[in-house]
Amino acid sequence: MTLNPLLQLTYEPLVRTALLEDLGRAGDITADAIVPADQRATLVLRARQPGVVAGLDIARCAFQTVAPAITLTAERADGSVVAPGQIIATIEGPARGLLTGERTALNFLCHLSGVATATASLVTAVRGTKAHIVCTRKTTPGLRTLEKYAVRAGGGSNHRFGLDDAVLIKDNHIALAGDIGTAVARAKARAGHLVKIEVEVDTLPQLERALALGVDAVLLDNMSVDQLRAAVAMAAGKVTTEASGGITAATAPAIAATGVDLISVGWLTHSAAALDIGLDYLEPKP
């Protein structure tokens, strides 16, 4: 899958907000006191554990917003697998700017690389099946576009970006509508011709009802492997089937083997551990 870069306008405001939060009212008083204004330096971003890289453009933006003269040369592109000790990028420019932008750049890079790494672990776990790993709307407020990009960098796919992308009828929607038939009928009357309708079901009888209503996709929530296998047989390829609910790299292979089309995982974006990446100073050559 081709990983298209994010447009800078999607992340530059986030980077500026993060830098303003860090710089406070007086700027980087430590770097300004210790490092001469004209000093230059070369540093490298180095992986300290295995993983998948994501967010280099955002890191570059952080450094260059502080000091436009800084250059970041990527040695490993977003979506690349890295090993401990491997250099990801070389960064050169005014030393003060490098130190001032370091934490903001690493916060974005380590977090997004962690999301990509977690996604890759699940993609690897279901390899050989037709199942695709997808993320959810369980994202860090303000970072959805970046986190969903990181999922793509890890080999996964994106579920809807927001409430306006598609109709997803969940249990509370059905409860408030009175029944699943009423909920689907109201959604069909309101949705445009390009808007798909998905219904969440917990049981096989609910699935049977949803299939009879002519929806586009069904979210099979917290079903056992046996239930999922039966659900896929019932769907018979007429709708997209999505398994969801507490799925991990350990449980994903058996779930994928049932024949579901999608496996959605919320923790990829809300709980993935950051990838440990360091910014190391390179001593000048004599």
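This is a predicted model: local features need pLDDT of at least 70, side-chain atom pairs count only at pLDDT 80 or more; totals for chains, interfaces and linings use all residues.
Good morning. The crossing of helix 1 and helix 3 is right-handed.

Helix 1 covers residues 8-23, and its axis comes within 9 Å of the axis of helix 3, the two crossing at roughly 55°. Helix 1 and helix 3 are therefore oblique to each other. From helix 1, the residues that take part are Q8, Y11, E12, V15, R16 and L19, and they meet D57, I58, C61, A62, T65 and V66 of helix 3.

What is the strand order of the open sheet of four strands? The order is 3-5-1-12, and the pairing is antiparallel. Strand 3, residues 71-74, and strand 12, residues 277-281, stand at the edges; each has a single partner strand, so one side of each is left without a neighbour in the sheet. On average, and with direction ignored, neighbouring strands of this sheet are turned by 20° against each other.

Helix 3, residues 56-66, packs on this sheet and touches strand 1, strand 3, strand 5 and strand 12. The direction of helix 3 makes about 165° with that of strand 3.

Next, the pairings of strand 5. Over how many bridges do strand 1 and strand 5 pair? Strand 1, residues 40-47, and strand 5, residues 87-94, pair in the antiparallel sense over seven bridges. Within that pairing, T42 stands opposite E92 in strand 5, and R40 stands opposite P94 in strand 5. Strand 5 also pairs with strand 3, again in the antiparallel sense, over four bridges. There, T90 of strand 5 is the bridge partner of T73. Is strand 5 mostly covered or mostly exposed? Strand 5 is mostly covered, with six of its eight residues buried.

Helix 8, residues 204-212, packs with helix 9, residues 225-235, at an angle of about 20°, and their axes are 10 Å apart. Helix 8 and helix 9 are therefore roughly parallel to each other. Their crossing is right-handed, as is that of helix 1 and helix 3. Which residues make the contact between helix 8 and helix 9? Helix 8 contributes L204, L207, E208 and L211, while helix 9 contributes Q227, A230, A231, M234 and A235. The residues of this contact of helix 8 with helix 9 divide into seven nonpolar, one polar and one charged.

A254 lies in helix 10, residues 252-256. A254 is partly exposed, its relative accessible area being 38%. The C-alpha atoms of A254 and V81 are separated by 25 Å, and the two residues are 173 residues apart along the chain.

To close, I return to the two helix pairs. Helix 1 and helix 3 are oblique to each other, whereas helix 8 and helix 9 are roughly parallel. Thank you.

Conventions: Residues are numbered from 1 along each chain as its sequence is written. Side-chain values use heavy atoms; hydrogens and water are left out. Axes are lines fitted to C-alpha atoms, for helices over the stretch in contact, and angles run from 0 to 180 degrees between N-to-C directions. Angles under 35 degrees count as roughly parallel, over 145 as roughly antiparallel, 65 to 115 as roughly perpendicular and the rest as oblique. A crossing is left-handed if the near helix is turned anticlockwise from the far one by less than a right angle, and right-handed if clockwise. Contact means heavy atoms within 4.5 Å. Ala, Val, Leu, Ile, Met, Phe, Trp, Tyr, Cys and Pro count as nonpolar, Asp, Glu, Lys and Arg as charged, and the others, Gly among them, as polar. Two strands pair if DSSP finds at least two bridges between them. Buried means under 20% relative accessible area, exposed over 50%, partly exposed in between (1.4 Å probe, protein chains only).
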